[in-house]
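Here are some notes for a colleague who is opening this entry for the first time.

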Amino acid sequence: MSGLSLRGMTVLRAKRLVLEDVSFTAPAGAVTAILGGAGAGKTSLLAAAAGLLKLERGAVLRGGEDVSRVPARRRGVGLLVPGSALPGAMTVQDALRHVAGRPARPLVDAAAEALGLAAMAHSEVGALSHGGALLALSAARV
C-alpha cells in the first residue's frame, strides 16, 4: 500500500511510555488528521514516524517499504514541529536562504517557487500568516 503506515509503534520519551502499540495508515494523496488532547502523543507519533524519535518496537512503512532504520534525513517523511519559526526582520527569501544554508540555496529557491512563494519573496517574514510561515519553512527544509 502506498502512503505512510505505522505498525505496532511503541515510543519512550525520557524513559516514559508515550505511545504503545499504535498502528494506522495515512493513504498517499489523502489528508489524514491525528486528533487528541494535550499530551496524548500526537507530536511524538509524528516525530517517531519522521525518524526524530527512536522506536522501541514497531515499524514505519513509506510506500510499503520499511524505513524504520533509515536515517531521518533520507526517510522522505518531513515534520514541521509546532512553534517552528523563520528568523524575523528579514525578507522571506533571505530567511529561507538563511535557514537552509549556502549549499541548499538553489534548492530552496526552486522549492519556494514550486510552493507558490515567489510572490512574497521580498515581503517581510512578519507579514506572513502562521500557515504561510509554515509553508515557507517547508521550502527551507528541502
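**Notes on the fold**

1. Helix H1 has five names to look for on its buried side of the account: Ser44, Leu45, Ala47, Ala48 and Ala49 are its buried residues. The cover over these buried residues includes strands S1, S2 and S3. H1 itself spans residues 42-49 and lies across S1 (3-13), S2 and S3, running at about 115° to S1. After H1 comes Gly51, with a positive phi near 90°.

2. Some context for the whole chain. This is a predicted model. The chain contains four helices and four strands, and from the N terminus on the elements run β-β-α-β-β-α-α-α. Of its 142 residues, 32% count as buried. The accessible surface comes to about 8600 Å², and carbon and sulfur atoms hold 55% of that.

3. On contacts in the chain: taking those with a separation of 6 or more, 55% are between residues 24 or more positions apart.

4. The strands form an open sheet of four, in the order S2-S1-S3-S4, with antiparallel pairing. S2 (16-27) and S4 (65-66) stand at the edges with a single partner strand each, so one side of each has no neighbour in the sheet.

5. Within the sheet, S1 and S3 pair in the antiparallel sense over five bridges. Arg7 stands opposite Ala59 in S3. S3 (residues 57-62) also pairs with S4, again in the antiparallel sense, over two bridges. Which residues of S4 take part in bridges with Arg62 and Leu61? Glu65 is the bridge partner of Arg62, and Asp66 is that of Leu61.

6. The largest nonpolar core has 16 residues. Those that touch the most other members are Leu6, Met9, Val11, Leu19, Ala48, Leu55 and Val60. S1, S2 and H1 are the elements that give two or more residues to this core.

7. Which residues does Met9 contact, leaving aside its neighbours within four places in sequence? They are Leu19, Glu20, Asp21, Val22, Leu45, Ala48, Ala49, Leu55, Arg57, Gly58 and Val60.

8. Helix H2 covers residues 92-100, and Val92, Ala95, Leu96 and Ala100 are buried in it. Why do these four fall on the same side of H2? They cover an arc of only 125° around the axis, which puts them on that one side. As background, an α-helix has 3.6 residues a turn, so residues three or four places apart point the same way. H2 is followed by Gly101, whose phi is positive, near 90°.

Notes: Residues are numbered from 1 along each chain as its sequence is written. This is a predicted model: local features need pLDDT of at least 70, side-chain atom pairs count only at pLDDT 80 or more; totals for chains, interfaces and linings use all residues. Side-chain values use heavy atoms; hydrogens and water are left out. Buried means under 20% relative accessible area, exposed over 50%, partly exposed in between (1.4 Å probe, protein chains only). Contact means heavy atoms within 4.5 Å. Accessible areas come from the Shrake-Rupley method with a 1.4 Å probe; for residues, only the protein chains shown count as cover. Two strands pair if DSSP finds at least two bridges between them. Axes are lines fitted to C-alpha atoms, for helices over the stretch in contact, and angles run from 0 to 180 degrees between N-to-C directions. The arc is that of the directions from the helix axis to the C-beta atoms. A nonpolar core is a set of buried Ala, Val, Leu, Ile, Met, Phe, Trp, Tyr and Cys residues joined through side-chain atoms within 4.5 Å.
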